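Welcome! Here is a short tour of one structure, arranged by topic for a first look.

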Amino acid sequence: MKNIIFIAPPAAGKGTQSALLEDTYGYNHISTGDLLRNAINNGSEIGNQVKDIMEKGELVSDSIITSLLKEAFNNIKGNFILDGYPRNINQANTLDNIFNELNINDVIVIYLNLNEADACNRALGRIVCKNCGLSYNKYIELLKPLNEGVCDKCHGELIQRTDDNEISFKNRFQTYLNETNPLLEYYKQKDMLKIVEANTSSDEIFEEIKQILTGERSNG
Ligand code: ADP
């Protein structure tokens with residue numbers, strides 16, 4: 001199986017697709033957002049440094065993210081999904097170096113394309129498990145939990161992320177456009193980019209991703 005980098009606007013569904021891929025194919029899911037939220041929940045030094053930045057919807061410093069990412073790579077064996085990294089050109093260059101050091105070359109980039117209004121609706125309806133991080137959506141029938149407020153998988157409590165409010169979302173989307181969107185051209189040049197339209201159901205998006213992975217869909 002190919003390793004995957006997800007690039008998408010905030011709340012487009014990277015986490016949901018990553019969880020489906022993890023369950024179906026046994027991928028290691030590396031989410032920089034989850035790594036940071038864990039650091040905050042553990043009350044660690046890094047957590048204290050990043051809390052306000054994340055709540056405002058800005059990017060935390062590349063050096064903090066790089067150290068968390070390197071640690072995550074040290075802890076995994078097998079194929080991985082990168083969800084939330086890279087988010088700017090500097091991080092993409094760092095990642096190229098990490099791949100060179102670790103001799104990783106079987107990587108594709110999947111871009112989930114979603115417009116701002118749809119992404120905003122998903123962010124405002126999103127609820128996540130406090131315990132395992134799985135996300136649900138209170139407005140989307142297929143993504144509702146079986147029992148209100150409770151995670152289907154681990155029975156943890158479902159909460160709203162503090163950055164899933166309208167003001168923070170607008171900032172995150174703008175940061176995405178300014179810093180992350182240029183990565184599409186970067187990976188297109190390297191012939192790694194696959195585009196998936198994300199304004200459909202998570203099942204339909206997942207089907208398309210599976211077709212990319214199995215080679216049934218080979219175009220960009
Ligand atoms: P979403 O994709 O829905 O915006 P994430 O969970 O991926 O949510 O990220 C939440 C926040 O964590 C970001 O808004 C940012 O503050 C921080 N973050 C995550 N990944 C990175 C990264 N690679 N570089 C800098 N900041 C990051």
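The residues of the shell around the ligand divide into eight nonpolar, four polar and eight charged. In that count, Ala, Val, Leu, Ile, Met, Phe, Trp, Tyr, Cys and Pro are nonpolar, Asp, Glu, Lys and Arg are charged, and the others, Gly among them, are polar. Please keep in mind that this is a predicted model: local features need pLDDT of at least 70, side-chain atom pairs count only at pLDDT 80 or more, and totals for chains, interfaces and linings use all residues. Residues are numbered from 1 along each chain as its sequence is written, and side-chain values use heavy atoms, with hydrogens and water left out.

**Around the ligand**

- Lys 14, Thr 32, Arg 37, Glu 58 and Gly 84 come nearest of the 20 residues around the ligand, where a residue is near if one of its heavy atoms lies within 4 Å.
- Helix α2 (residues 32-41) gives the most to this shell, with four residues; helices are DSSP runs of H or I with at least four residues, strands are runs of E with at least two, and both are numbered from the N terminus.
- Oxygen atoms of the ligand have polar contacts (pairs of N or O atoms within 3.5 Å): one lies 2.8 Å from a polar side-chain atom of Arg 37, and an oxygen atom is 3.1 Å from an N or O atom in the side chain of Arg 172.
- A polar backbone atom of Val 60 is 3.1 Å from a nitrogen atom of the ligand.
- Taken alone the ligand exposes 550 Å², and the protein buries 97% of that, by the Shrake-Rupley method with a 1.4 Å probe.

**Helix α8**

- Leu 183, Leu 184, Tyr 186 and Tyr 187 of α8 (residues 182-189) are buried, meaning under 20% relative accessible area, while exposed is over 50% and partly exposed is in between (1.4 Å probe, protein chains only).
- Seen down the axis of α8, these buried residues fall within an arc of 160°, so they line one face of the helix; the arc is taken from the directions from the helix axis to the C-beta atoms.
- Lys 188 and Gln 189, on the other side of α8, are exposed.
- The cover over the buried residues of α8 includes β1 (3-7), α5 (89-102), β4 (107-113), α7 (166-180) and β8 (193-197).
- Just after α8, Asp 191 takes a positive phi of about 60°.

**Ser 168**

- Ser 168 is found in helix α7 and counts as buried because its relative accessibility is 2%.
- A polar atom of the Ser 168 side chain lies 3.3 Å from the backbone oxygen of Asp 163.
- Not counting residues up to four places away in sequence, Ser 168 touches Met 54, Glu 55, Lys 56, Gly 57 and Asp 163, with contact meaning heavy atoms within 4.5 Å.

Definitions and conventions: Polar contact = N/O pair within 3.5 Å; in protein donor to acceptor, adjacent residues only side chain to side chain.
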